[in-house]
Number of protein chains: 2
Amino acid sequence: MRCEVVAVGTELLLGQIVDTNSSWIGDRLASAGIDSFFQTKVGDNIERLTAALRQALARSDAVVVCGGLGPTQDDLTRSALARVMGVELVRDPDLVELIRAMFSSRNRRMPANNLAQADVPEGASIIEQTRGTAPGLICPVRWEGPDGEPVEKVLYAVPGVPYEMQDMLERAVLPDLRRRAGDTGAIVSRTLRTWGDSESGLAERLTPRIDELDRTGTATLAFLASGIEGIKVRVTAKAATEQEALATVEAEEAVLRDLLGDLVFGVDDETMEHAVVSLLGTAGHTLGVAESLTGGLIGARLTNVPGASRVFRGGIVSYASEVKFELLGVPEGPVVSAPAAEAMAVGARRVLGADVGLAVTGVAGPDWQDGERPGTVYVGLAFGDEVTSQLVVLPGDRERVRQFATISAVDLLRHRLLAEQRAG
Amino acid sequence: MRCEVVAVGTELLLGQIVDTNSSWIGDRLASAGIDSFFQTKVGDNIERLTAALRQALARSDAVVVCGGLGPTQDDLTRSALARVMGVELVRDPDLVELIRAMFSSRNRRMPANNLAQADVPEGASIIEQTRGTAPGLICPVRWEGPDGEPVEKVLYAVPGVPYEMQDMLERAVLPDLRRRAGDTGAIVSRTLRTWGDSESGLAERLTPRIDELDRTGTATLAFLASGIEGIKVRVTAKAATEQEALATVEAEEAVLRDLLGDLVFGVDDETMEHAVVSLLGTAGHTLGVAESLTGGLIGARLTNVPGASRVFRGGIVSYASEVKFELLGVPEGPVVSAPAAEAMAVGARRVLGADVGLAVTGVAGPDWQDGERPGTVYVGLAFGDEVTSQLVVLPGDRERVRQFATISAVDLLRHRLLAEQRAG
């Protein structure tokens, strides 16, 4: 089964919007075992859109068309689909009612052109909207096979708004595609998120397991490098039922967690900051941070988590050395150093009335500081009676050094909290 | 002149990397007055890559191929170009020398397959690398015109690494394309960056000017909405010489600055934080901030600017109310309020030993706080003898409210600094 993606919109070609939808769809298709060999961007032009759809159908069994379903004259996807199918657009009375009802429930006057969204190519079926106004479409197309025999191909139209598109893809497009592929089983994926080892390091740890899975075919593993979000390891299992596939994934997760240990900080959408906020909550600790080169990034990440206020007291951004000395009580001397990082952690805990203190000091660059090169970073931790620090040497430009310093600090705290949890 | 973009790499189709290169190229082509009607992603497969290139050449005069120029077996762009051109690959002795020299200057052993990067389709010319190892290529292709007559089209190959690609595109590809288009003049663009009005608001302010430019044809304006980076207004002028085009752009910039006033915070790559750090430096002020819902984002943005330490003393992330009361001296009471924001600004200035204090307090959501709905934000400013605050009501989810609160606060300070500068 081959499925292409066609993203529609002149703004995509002009670079005003980056087409992230095709990438997202490509990832989901791959997980479902469906090949996607070409992805095309085309502007809001009926001739070129129609040509792009025909071209894609000639090469593949199915096409997901993304965007161009809005109510304006620029939104040409419905007309292009009708042309490719060789049918007329007909106004669907149920959709008309739905759109009218939506506007009146919001007490808004409905512009007449909004009814264009109720136009459907004859023979198409509708993917209901749950998050916006434009319905999606499933359009079967009669096509000529390699020996002139008739074959059925299919066009799916989904909105360009990412969260509307994603919902329709998961709910309607992927199940329909898999049914057409004769793939009646279920597919379940889970992503383990790791921090602290390279992609090749993870591959080395997991090679025997990957070889075993290759032999048994019970599940597949894929690595996704995700920059400051770490490296993701995705487990995918196919089985006759959802329950069975889920059981396989869960068993595999347990095996991988044994092999990877504390490198795994979360699953699926769980970020590093979720992990740490949750560990702090479980342990009943409160946290205060002191930041130098990161300028507030540690606080900003931790407070991404709704409810962080239960454990996060606050932070001191001690960018000027005098703030380190006067407010945090760091002894005068070089501020890019282990003693400074430790004193900052102790100071943050005291000044902010927290019971754990985390601190980071270092050189973001581009210039050297205190005789230290850019990328030199000390993380300090005040945890109970223990005051420790760690030197990390980070690659990259100013922005990367700051981001990596942030996650390195948060990850150090995570490891300490895990150790405490284990010690009981 | 029509030019398509073909981005090469299986990782693009799988969604492991988002193809931002094509968007960037699309933007640059549009600025140069070159149409780009299709952009295609294709995997590391010689048959499909060759087919994609032929297809693109059939529809357009030129194609930029991005990626697949590395030294590994997956890097197939050179072979595909030779196929489409109907020629052989020949090893270029100068390139061999260059690649050898680069490895030996870094004291690294050169893997033999690196010499594949010296292979060039016969008849192609080389775009020198200034930032990496893979050279780019300009490949003329004989093609058949609509009436069977021979026409010359062109394929450009550039690396997939964005900063290598961008350099080659600006330095070699765009000038060559414009020469082929018979476009001998120069094009100069400049982007004015604005904050504080909507796209439709800006359009209204500029309508008479846009109408005038439409009549005179001296320059064109384009709007680019850029989320928390504000809205960009790009001026583009074409003229016989670079000098002349630049003079037109500069004259137009002056007209636009008159119309937009302080909405303009910078030009081209200048961010809001650059503007404020620079204004603080000129005025000889130092800044201390106090942040609540933004959790450190204001400090993190300001310290994005190298050299921020000259003006930025630091920040207090007073996430817990007690930190506001005890460290910053905010009077007990509702902390999402104008008096709290003002007291935070005064407290930040005092505690951090700065002469300007900026503070932000509010509700990021998803829950209400102190009887206030998510999006309710107070910005406080302590500036000389003046202590003021401003209520802003922001739309969107937690992440957007935090980001908009950050830029709203920094922008408020910018306006105060501009007023001071003007008062002399």
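The legends below describe views of a predicted model with chains A and B.

**View 1. The fold of chain A.**
The secondary structure of chain A consists of 13 helices and 17 strands. Its C-alpha trace spans about 80 × 55 × 40 Å along the principal axes. Of the 424 residues in chain A, 45% count as buried. Among the contacts in chain A between residues at least 6 apart in sequence, 64% join residues at least 24 apart.

**View 2. The relation between the two chains.**

**View 3. The side of chain B that touches chain A.**
Here 49 residues of chain B are in contact with 49 residues of chain A. The elements of chain B that give two or more residues to this side include the helices α2 (21-31), α3 (46-59) and α12 (338-352), along with the strands β2 (38-42) and β14 (312-318). β14(B) gives the most, with 7 residues. By residue class, this side of chain B divides into 25 nonpolar, 18 polar and 6 charged residues.

**View 4. Strand pairing between the chains.**
Strand β14 of chain A (residues 312-317) is joined to β14(B) by 4 bridges, and the two strands run antiparallel. Within this pairing, Val317(A) has Gly315(B) as its bridge partner in β14(B). On the chain B side, β14(B) is also the element that gives the most residues to the side touching chain A.

Notes: Residues numbered from 1 in each chain as written. Chains lettered and ligands numbered in written order. Predicted model: local features only at pLDDT ≥ 70, side-chain atom pairs only at ≥ 80, totals over all residues. Buried ≥ 20, exposed ≤ 12 C-beta atoms within 10 Å, placed from the backbone. Contact = placed C-beta atoms within 7 Å. Nonpolar A, V, L, I, M, F, W, Y, C, P; charged D, E, K, R; others polar. Pairing = 2+ DSSP bridges.
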